[in-house]
Amino acid sequence: MCGIVGYVGPGSTLDVLLGGLKRLEYRGYDSAGVSVIDQDAGLQTRKRAGKLSVLVEDLEESPITDAHIGIGHTRWATHGAPTDTNAHPHLGGEHLKLSLIHNGIIENFSELKTELQEAGVKFSSETDSEVAAHLVAREYEKTGDLTAAFRAVVNRLMGAFTLLCIHEDHKDLVLAARRNSPLVIGLGEGENFLGSDVAAFVAHTKRAVSVGQDQLVELRQDAVKVTTFSGEEVTPEEFTVDWDASAASKGGWPSFMAKEIADQPQAVGDTLMGRLASDGSVKLSEFAGLDRLSEVNRITIIACGTAAYAGEVAKYAIEKWAKIPTSVELAHEFRYRDPIIDEQTLVIAISQSGETMDTLMAVRYAKERGAKVLSICNTQGATLARESDATIYTHAGPEVAVASTKAFTAQITAGQLVALSLAWQRGAMDKDHLKELGLELLKLPRMVKQVLESVERMRELGKELKDAKSVLFLGRNVGFPIAMEGALKLKELAYIHAEGFAAGELKHGPIALIEPGQPVIVVVPSPNGEDSLHPKVVSNIQEIKARGAKVIAIAEEGDSAVGKSADEVFFVPQTHPFMAAQLAVLPLQIFALELASAKGLDVDQPRNLAKSVTVE
Ligand code: M6R
């Protein structure tokens, strides 16, 4: 939550900052601000409540002098309403020469604020962040050493923070520090960058360095120094960003979400690339980072939101193919009980951003108890990847819309690769059968494309149902997490009540919600294969139809039975039942997108949300 960008170099600082903030706006969009230091005009700050466009317009109407050093922030409010004064940067010092931005929560801000107020400091905002600005400025006024002052203050702060700070007396120095919040450095030619993630600077450089926990950065035009909070110098590892800057632009689509839905054939294909041979055999070189894999007797999947639904789909595949008992845990619940975790547990953490605080904390908890951690992550340089024993990157490219789409289908794909690979390594299934499954997985990008080319009726249904007060979703087996994901998409985008249920649960309570005209979207399992749950779900459809529901079914091509019961049927190609998950979710994404658009809502930046939830 909150996007942070910093720059020092010969280019236009305002262009770098505002461009970076545009690409980070998905992290929070209730206010935005910048500070730059001009040789003559000194420190200049502008900040405005509202989306970044409000700040940009304000700067166009009444410009500040451009400069060669600056910091910028886009906010998701935690302490204090989204107002001009609560927006970042915050200024500190007797002559307000210091400017600071913050992502995270300073848990001990109340004590620190009291201490400062008792010393006569006047606060202009209700934020926790402003204490840090005053503390650094006061410390600096005592010693004249900005880095030492900054270091002294970060050592006093508790909680989660990425801080960036500049001071008018230092026209070539941006200071940064991070604890439990993300920070990445971009290395340019005669210029350097800081960002909450690489999207902040990928338009300028692909050379990046991720900053470790409790580390402090001194960023200058021609030098970058990283030290621990206690002052020891560290040499962080450099990596090359494989995202293309153009991938983080709408490219002619009406919204990032529409573009990212359309990106899914490629996202799934790129996630498979190099991991599945043409004969269907799977090779995950990432497993090399996991020793004693053969001793694993339990898998715990940890994630939040959409990523947790991807984990649910992975659970079915891992248990069926690799025969390892698997559970899925919401990260924020997991560590607040006493989960059974030991050296024989493999934790699989799934996260698009790799910065979700709940997921990171749960991973740390599991590691302390001896578990091995494999992460499935979409963002290079993310904290989750740094803290995992091995990482499988989903190569979905930057996902900018707050509602996750292509990251979800890529996560499911990665989960299926993990399941196949574990099954292969442990000899849990016949290898020829595993290769057949691998070959089926290879067909997915084409099938995803085929589905996306035939969603017109789903678009119309989204528009037709724009005034619905509630939509219910039903599914069984892997269709259950898909139903939950369909409901989540509708809640977050269209702000209408939506629930996903296991179809088998219907008669245990939810059927009481059915009244004439209630829209219900049912993810119908394939009628083929032994143990198919198809007849049971068709019976459920009949039960809700008998009570007046309007039923829209997502079913497999050739399913003739479902058409006799449902009002509308959207067909997806035949494939393995688990891989049908990536196909069945596509019409649900389109449905939510169209319904929200028909209501005139901002589908990329839904109210109250931020893409990356970096506070608990
Ligand atoms: O970055 P992560 O995958 O860890 O994020 C987890 C959830 O916050 C995220 O999936 C969220 O539920 C999305 N907004 C759903 O569209």
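This is a predicted model: local features need pLDDT of at least 70, side-chain atom pairs count only at pLDDT 80 or more; totals for chains, interfaces and linings use all residues.
## H16 and H19

Let's start with helix H16, residues 479–494, and helix H19, residues 580–598. Their axes come within 9 Å and cross at roughly 20 degrees. Angles under 35 degrees count as roughly parallel, and H16 and H19 are therefore roughly parallel to each other. The crossing of this pair is right-handed.

On the H16 side, the contact uses Ile482, Glu485, Gly486, Lys489, Leu490, Leu493 and Ala494. Facing them in H19 are Ala581, Ala584, Val585, Leu588, Phe591, Ala592, Leu593, Leu595 and Ala596. Sort the residues of this H16–H19 contact by type and you get 13 nonpolar, one polar and two charged.

## H8 and H12

Next up are helix H8 (residues 305–322) and helix H12 (residues 406–426), which pack at an angle of about 25 degrees with their axes 8 Å apart. That angle makes H8 roughly parallel to H12. H8 passes H12 in a right-handed crossing.

H8 brings Thr306, Ala307, Tyr309, Ala310, Val313, Ala314, Ala317, Ile318, Trp321 and Ala322 to the contact. H12 answers with Phe408, Gln411, Ile412, Gly415, Gln416, Ala419, Leu420, Leu422, Ala423 and Arg426. By type, the residues of the H8–H12 contact come out as 15 nonpolar, four polar and one charged.

## H4 and H5

Helix H4 covers residues 130–143 and helix H5 covers residues 146–154; they pack at an angle of about 135 degrees, with their axes 8 Å apart. H4 and H5 are therefore oblique to each other, and H4 passes H5 in a right-handed crossing.

The H4 residues in this contact are Ala132, Leu135, Val136, Glu139 and Tyr140, and they meet Leu146, Ala149, Phe150, Ala152 and Val153 of H5. The tally for H4 with H5 is nine nonpolar, no polar and one charged.

## Around the ligand

There are 14 residues around the ligand, and Ser351, Gln352, Ser353, Thr356 and Glu492 come nearest.

Some side chains put polar atoms by ligand oxygens. For serine 353, a polar side-chain atom lies 2.6 Å from an oxygen atom of the ligand. For threonine 356, the corresponding distance to a ligand oxygen atom is 2.4 Å.

As a rule, most residues other than glycine have a negative phi, and most peptide bonds are trans. Two spots in this model are worth a look with that in mind.

Where is the cis bond? The peptide bond from histidine 88 to proline 89 is cis, with omega near 0 degrees. Proline 89 sits in the loop between strand S4 (69–75) and strand S5 (90–92).

The other spot is arginine 292, which has a positive phi of about 50 degrees although it is not a glycine. Arginine 292 is also a loop residue, placed between helix H7 (264–272) and strand S16 (298–303).

Conventions: Residues are numbered from 1 along each chain as its sequence is written. Side-chain values use heavy atoms; hydrogens and water are left out. Axes are lines fitted to C-alpha atoms, for helices over the stretch in contact, and angles run from 0 to 180 degrees between N-to-C directions. Helices (H or I, at least four residues) and strands (E, at least two) are DSSP runs, numbered from the N terminus. Angles under 35 degrees count as roughly parallel, over 145 as roughly antiparallel, 65 to 115 as roughly perpendicular and the rest as oblique. A crossing is left-handed if the near helix is turned anticlockwise from the far one by less than a right angle, and right-handed if clockwise. Contact means heavy atoms within 4.5 Å. Ala, Val, Leu, Ile, Met, Phe, Trp, Tyr, Cys and Pro count as nonpolar, Asp, Glu, Lys and Arg as charged, and the others, Gly among them, as polar. A residue is near a molecule or strand if one of its heavy atoms lies within 4 Å of it. A polar contact is a pair of N or O atoms within 3.5 Å; within protein, one must be able to donate a hydrogen and the other to accept it, and residues adjacent in sequence count only if both atoms are side-chain atoms.
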